[in-house]
Amino acid sequence: MKKVFFILLALLVTVTVALAQSRFITVSNGKFMRNGQPYYYVGTNFWYGAILGSEGQGGDRKRLCRELDAMKAMGIDNLRILVGSDGERGVPTKVEPTLQEAPSVYNDTILAGLDYLLQQMGKRKMVAVLYLNNSWEWSGGYGFYLYHAGAGKAPVPAVAGYDKYMQFVSQYATNDKAHQLFYNYVRFILSRTNRYTHVAYRDDPTIMSWQIGNEPRAFSRKALPAFERWLAEASALIKSIDPHHLVSIGSEGAWGCENDYGTYERICADKNVDYCNVHLWPYNWGWARKDSLIADLDRSCQNTKEYIDRHLSICNRIGKPLVMEEFGFPRDNMSYALHSPTKGRDAYYKYVFSLVADNAEHGGLFAGCNFWGWGGYAQPTHENWVPGDDYCGDPAQEAQGLNSVFASDKSTLQVVKQQVKRMTKAHQCSKR
C-alpha cells in the first residue's frame with residue numbers, strides 16, 4: 001500500500017507541476033504556446049501602465065481600468081510595459097515619477113502601481129512584457145547606471161544632441177560596475193511578491209516575458225563583443241532567478257546592433273533567449289520624410305518588408321518566433337493634434353499587419369506585433385510633456401500625440417480590429 005501511495009503522490013505532483021507550467025506562455029517548435037494552443041497576438045505598447053496604476057503622482061486607477069477594458073474589448077491582450085524609470089526628477093526629457101531614485105532605493109508607490117496593474121491585467125486575462133532597462137534617456141537606464149558607476153552625467157539629448165548622448169552611453173557595454181548595479185535591480189524586481197494577489201512575480205502567468213531592455217544598443221561597433229557578453233550574462237541571470245517566464249532582448253534588430261546581422265543572430269541564438277524582437281520606425285530611420293510622409297509610404301513599406309524578411313530568415317535558422325514589438329508612423333503632416341488625420345499611419349499599419357497575419361496564417365514564425373503606442377483616453381495639453389500632463393504613447397522626449405493611438409482615432413482602431421480578426425483566424429487554423 002505504501003508503494004501505491006507514493007506512486008500516486010508522485011503522479012499528483014507531476015500533474016500539479018504540469019498544470020502550473022501550462023499557465024505560462026512558452027515556446028515550442030518555434031511557436032508561442034498558451035494554454036496548450038499556439039498563441040498569435042496583436043498587442044500594443046503601454047509603457048506608462050505602472051505609473052497609471054499607482055496612487056501617487058501620475059496615478060489614475062480609474063483611467064487605467066478604463067484603458068484596459070477598451071483594449072481588451074478590441075482583442076488587444078498583450079501589453080509591453082516599462083517596469084519603472086530611474087534617477088533624479090526634473091530632467092525635461094525623462095519620465096517621472098521614477099521608480100529607482102538611486103541604486104537599490106525604490107519608490108514604493110510605483111511598485112504598488114506595478115502590482116495593481118498586473119492584478120488588473122490578470123483579471124482580464126491579458127499578459128505583460130516587462131522591460132527592465134533602456135538605452136535611451138527617457139527612462140534613465142544606461143545613463144543612470146553609468147552615472148552611479150562613476151562615469152559622469154549623461155548629456156541630455158535635447159540640449160547636447162543625440163550624438164553626444166550616444167557617445168557617452170557607448171561606455172555601458174564595457175562598464176562592469178554599471179552592469180552590477182543593473183543586476184541588483186533585476187534581482188529585486190524578479191524576487192518580488194505582488195501585494196494585491198500575493199503571488200510571487202516568478203509564479204505569475206500574467207507576465208509573458210522579462211525583457212532586458214528597451215532597444216539595448218552597443219552604440220559602437222568596437223563595443224559589440226562586450227555588448228553580446230552583457231546580454232548573455234543578463235539573460236542567464238534572469239533565467240536563474242525565474243525559470244518559468246520567457247526572456248527576450250528588446251532589440252530593434254540589426255538596426256540596434258550597428259547593422260551587424262551576425263551580432264543580432266548570436267544574441268538571439270543564446271540558450272536563455274526564448275524569442276526574437278524587431279522594431280520599425282520609417283520616419284526615425286529616414287525612410288519617410290517629414291514633408292512627404294504619404295508620398296514615401298511605398299518606400300517605407302518596401303524597406304519594411306526587406307528588413308523583416310532578413311530577420312525572419314535568422315529566426316528560421318535558429319528556430320525561434322519573431323515579434324515586431326514596436327512600430328510607428330507619425331500623424332499626417334506631423335500634426336500632434338488629437339483629432340488630426342492619420343491616413344499615412346493607417347496605411348502603414350495595414351501593410352505591417354498584413355505581413356504578420358500572412359505569415360501567421362501559414363503557421364510561420366512571425367507570431368505577434370505590438371504597435372506604438374496606446375494613448376487611449378489621454379488629453380495632451382502641451383507639445384512637450386510636463387509633470388501633471390496625461391501620459392500617452394509618446395514618452396517625455398517626444399512630441400505628445402506624434403505616434404500615439406488615441407481612443408478617438410477611429411480609422412486606426414478599425415485597422416487594428418481587422419488585424420485582431422485575422423490573427424484570431426490564424427490561431428484557429430493552427431489548431432487544426
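View 1. Buried means under 20% relative accessible area, exposed over 50% and partly exposed in between, with a 1.4 Å probe and protein chains only. S300 belongs to helix α11, residues 297-318. Helices (H or I, at least four residues) and strands (E, at least two) are DSSP runs, numbered from the N terminus. With neighbours within four places in sequence set aside, S300 contacts P282, W287, A288, F329 and Y348; contact means heavy atoms within 4.5 Å. The model is predicted, so local features need pLDDT of at least 70 and side-chain atom pairs count only at pLDDT 80 or more, whereas totals for chains, interfaces and linings use all residues. Residues are numbered from 1 along each chain as its sequence is written, and side-chain values use heavy atoms, with hydrogens and water left out.

**View 2. Packing of helix α8 (residues 176-190) against helix α9 (residues 224-241).** The helices pack at an angle of about 25°, and their axes are 10 Å apart. Axes are lines fitted to C-alpha atoms, for helices over the stretch in contact, and angles run from 0 to 180 degrees between N-to-C directions. The two helices are therefore roughly parallel to each other; that class takes angles under 35 degrees, with over 145 as roughly antiparallel, 65 to 115 as roughly perpendicular and the rest as oblique. The crossing of α8 past α9 is right-handed. A crossing is right-handed if the near helix is turned clockwise from the far one by less than a right angle, and left-handed if anticlockwise. On the α8 side the contact has H179, F182, Y183, V186, R187 and L190, and on the α9 side W230, E233, A234, L237, I238 and I241. These residues of the contact divide into 9 nonpolar, 1 polar and 2 charged. Ala, Val, Leu, Ile, Met, Phe, Trp, Tyr, Cys and Pro count as nonpolar, Asp, Glu, Lys and Arg as charged, and the others, Gly among them, as polar.

**View 3. Packing of helix α5 (residues 141-148) against α8.** The angle here is about 115°, with the axes 8 Å apart. The crossing is right-handed. Y145, L146 and H148 of α5 meet K177, A178, L181, F182 and Y185 of α8. The contact of α5 with α8 comprises 6 nonpolar residues, 1 polar and 1 charged. F182 is one of the α8 residues in this contact, and F182 is also among those that meet α9.

**View 4. The open sheet of 3 strands in the order β1-β2-β3.** Pairing in this sheet is antiparallel; two strands pair if DSSP finds at least two bridges between them. β1 (26-28) and β3 (37-38) are at the edges with a single partner strand each, so one side of each has no neighbour in the sheet. β1 and β2 are joined by 3 bridges, and S28 has K31 in β2 as its bridge partner. In the hairpin of β1 and β2, with 2 residues between the strands, N29 has a positive phi near 55°. β2 (residues 31-34) pairs with β3 over 2 bridges. M33 is opposite P38, and R34 has Q37 as its bridge partner. The hairpin of β2 and β3 also has 2 residues between its strands, and N35 in the turn has a positive phi of about 55°.

View 5. β8 (residues 127-131) and β9 (residues 207-211) pair over 4 bridges, with V129 opposite S209. Residues up to four places away in sequence not counted, T206 touches L118, M121, G122, M126, V127 and A128.

View 6. Most residues other than glycine have a negative phi, and most peptide bonds are trans. The bond from E96 to P97 is cis, with omega near 5°, and P97 lies in the loop between β5 (78-82) and β6 (100-102). The bond from W372 to G373 is also cis, with omega near -15°. F219, in the loop between β9 and α9, has a positive phi of about 70° and is buried at 12% relative accessibility. E258, in the loop between β10 and α10 (261-269), has a phi near 55° and is partly exposed at 22%.
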